[in-house]
Amino acid sequence: MVAVSAPGKAILFGEHAVVYGEPAVAVAIDARVTVNLTPCTGEWKVGGTPLDPEKHPHLDFLRRQILGSDSEPRSFQVVSELFPAAGLGSSAALSAAACSALIQASGATESDVVEVARLAHFAEASAQGGRASPIDTSTSTLGGCVFVSDQRESLASWQYTRSLTTPEGEREWEVHSVDLPSKAESVWLVVGSTGIHSPTGEMVAKVAELLKRNPEKEADIKRMGEVARAGAKAISDGDFEEVGRLMDEAHVLLSGIGVSCQELDDMVEVARQTSLGAKLTGAGGGGCMLALTRNPEETAAAVEMRGGRVIVTPLGATGVRVENP
Ligand code: MEV
């Protein structure tokens, strides 16, 4: 048996804009997806039932890419601590963990993180109508704090370049890791789920249509990228008051491209009273909000009062990790 886990992620800055090549920043969170892969008889299975490519396009893509279409069948058992379809990167974490498990099952002694991130990104893109930035899969694979940009940045350590052909054209991203300063230990993220399922592919397609109809909205996408770059600098400087202020601005911009909703706005507003800043996180349209706070208990209680299910996490967690006994 092979067992591998990968963390979920919370996007601090730049969701949606990153699909168009703008910068974005995310941290791995303390909630993981674990994939157990075992040989089995008959056909490939997920959770004991036959692997349905419609339901699990990522897993189908990865097993074909890594082991080939005629490989011996195996069974995936998936255990997730993440809310599904909620903007916390559950499918990216599943892709990263499954990719690393399949690479091990192929007989490789080690799985190279760059290769895991590359294949997991293609799996996401194939499941998201060809539009996926590498932010989710890179954060799940590398862990810590990840800064994706349109150029190599001096304030972070460059890891690799990712490129993809999307329906809107060729995209290229430079993926970096940001060293979290010791001041990051004094702040927490409170993630609140609205409980509203919101598939990423649909939200990404909705933004693509909006930009086609209203090209002037491209200025907001650019501004999101500027906010993300400023946010990466504030994180590496340990200026979390500035990070919070920029998160507030990011929420306004995201609302402007139509990806917020009343439930998210309400939870963001209530969280702001005890936090440094708050915004929706991930694809939006439901899913989750995020607050950066020095008072995690108070902020979590306030979000729960608004009906949100909450995860409290420090900034950054270990990336893809082999869990074999
Ligand atoms: C989803 O977690 C983040 C989006 O920016 C999509 C992507 O980057 O592929 C909305």
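**The aromatic pair and its surroundings**

Reply: The structure holds one aromatic pair (Phe, Tyr and Trp rings count, with the six-membered ring for Trp, if their centres lie within 6.5 Å; planes under 30 degrees apart are stacked, over 60 edge-to-face, the rest tilted). The partners are W44 and F76, in a tilted arrangement with 5.8 Å from centre to centre and 40 degrees between the planes. W44 sits in the loop between strand 2 (24–39) and strand 3 (45–46), while F76 belongs to strand 5 (residues 74–80), so the pair ties together parts 32 residues apart in sequence. Helices (H or I, at least four residues) and strands (E, at least two) are DSSP runs, numbered from the N terminus.

Before going further: this is a predicted model, where local features need pLDDT of at least 70 and side-chain atom pairs pLDDT 80 or more, while totals for chains, interfaces and linings use all residues. Numbering starts from 1 along each chain as its sequence is written, and side-chain values use heavy atoms, with hydrogens and water left out.

W44 is buried at 7% relative accessibility, and F76 is buried at 0% (buried is under 20% relative accessible area, exposed over 50%, partly exposed in between, using a 1.4 Å probe and protein chains only).

Two other rings have a charge over them (NZ of Lys or CZ of Arg within 6 Å of the ring centre and within 35 degrees of the ring normal). R152 lies over the face of W158, 3.7 Å from the ring centre, and R162 has its charged end over the ring of F122, at 4.9 Å from the centre.

F76 also leads us into the largest nonpolar core, which has 88 residues; L12, F13, F76 and M289 touch the most other members (a core is a set of buried Ala, Val, Leu, Ile, Met, Phe, Trp, Tyr and Cys residues joined through side-chain atoms within 4.5 Å). Helix 2 (residues 90–105) gives the most to this core, with nine residues. A second, separate core of 14 residues includes V18, A132, Y160 and V175.

Helix 2 also holds S90, which is buried at 18%. Skipping residues up to four places away in sequence, S90 touches V33, L82, F83, P84 and A85 (contact means heavy atoms within 4.5 Å).

Now for F13. Its contacts beyond four places in sequence include A24, V25, V227, A228 and K279. Strand 1 (residues 2–13) is mostly covered, with 12 of its 12 residues buried. Strand 1 pairs antiparallel with strand 2 over 10 bridges, with V4 standing opposite V35 (a pairing needs at least two DSSP bridges). Strand 1 also pairs antiparallel with strand 13 (residues 321–322), over two bridges, and there S5 has R321 as its bridge partner. In the loop between strands 1 and 2 you'll find H16, a residue other than glycine whose phi is positive, near 70 degrees; H16 is buried at 5%.

A24, one of the F13 contacts, lies in strand 2 and is buried at 0%. Beyond its sequence neighbours, A24 touches residues including F13, V18, I135 and V148. A24 and S133 are 109 residues apart in sequence, yet 9.7 Å apart C-alpha to C-alpha. I135 is among the buried residues of helix 4; seven of the eight residues of that helix (residues 135–142) are buried, so helix 4 is largely enclosed by the rest of the structure.
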